[in-house]
Amino acid sequence: MRFKQKVVLITGAGSGLGLLSAQQYAAEGATVVLVDVNAEAIESAAGEIRQSGAEALALPADIRSYEAVARVVSRSVETFGRIDILANIAGGNPHRVCNCPGGFEEMTQEAIDWGIDVNFTAPIYFSRLVMPIMIQQQSGVILNLASVGGVVGGAGAVVYGAAKSGLIGLTQSLALAGAPHGIRAVCVSPGPVLTREAMANIKTPLGRAATPEEVTKFILYLSCEDAAMISGSNHLIDGARACGGYR
Ligand SMILES: NC(=O)c1ccc[n+]([C@@H]2O[C@H](COP(=O)([O-])OP(=O)(O)OC[C@H]3O[C@@H](n4cnc5c(N)ncnc54)[C@H](O)[C@@H]3O)[C@@H](O)[C@H]2O)c1
């Protein structure tokens, strides 16, 4: 029960790594705030978490809007009084999410904007709005979910890679800004993860993609007290893909 009496706000909690993280934080005692643009998914997930005995609140929002993010943060604090962990997990490759096949040279403005706004700007909005609460508490953890694409780039992920590189830099600066107030910032950069079957086709030197549990267990570790000395760093969990041996 590493997260007993902790309030954890998770974006992208409607599916994949965000949903699994929310379930695992709750299973270890946390009160969870589930945020996603998919209202049905988080309302059903929050209902199941409450049935298991933990506290959960679903707050549907399109996190590309600063006003929507501000409403989510206010509602969370009004309801639970604090935010101990902010997990910025919502994101994805805009080519896939915006159904925009082809290379960078064929990318639509809609896909470019989605790629930056969800993967990069929304974590800045959330961090900006949660920081004063964490400063008041003199404690907190901000966890950003980047990608190996933000470390080594990718021909099919120009905007995605740029946004995820930005998150790694954001984590470093948040760690410095937060340190005097007892606030940590950490970043996790997975290679392919089996949140969808197609990821099994992306190679790693270890010969497979990660299971979602391998990533979320690491997310929970980095945000718990055992990791109290870890801040500002980016942590690859990519089966050595960033070493280049897959090429
Ligand atoms: N799955 C992988 O192989 C992999 C690898 C490296 C990094 N990542 C990163 O991990 C994170 C989670 O990936 P996943 O595979 O679980 O993704 P996913 O697509 O299963 O989940 C992303 C969630 O974000 C939500 N979302 C999208 N746009 C939103 C918006 N505007 N406002 C609010 N919510 C929005 C979606 O509704 C969805 O529930 C992403 O940031 C992704 O870039 C994933």
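How many residues does helix 5 have, and how far does helix 5 reach from its first C-alpha to its last? Helix 5 has 29 residues and reaches 40 Å. That is close to the 42 Å expected at 1.5 Å a residue, where the expected span is 1.5 Å times one less than the number of residues. Helices here are DSSP runs of H or I, at least four residues, numbered from the N terminus.

Some ground rules. This is a predicted model: local features need pLDDT of at least 70, side-chain atom pairs count only at pLDDT 80 or more, and totals for chains, interfaces and linings use all residues. Residues are numbered from 1 along each chain as its sequence is written.

Back to helix 5. At Asp117, helix 5 bends by about 40 degrees; the bend is the angle between axes fitted to the seven residues ending there and the seven starting there. Just after helix 5, Gln138 has a positive phi of about 60 degrees.

Now the ligand. Around the ligand there are 24 residues, each with its C-beta atom, placed from the backbone, within 6 Å of it. Gly12, Gly14, Gly16, Gly91 and Thr195 come nearest. Which helix gives the most to this shell? Helix 1, residues 16-27, with 3 residues.

How values were computed. Helices (H or I, at least four residues) and strands (E, at least two) are DSSP runs, numbered from the N terminus.
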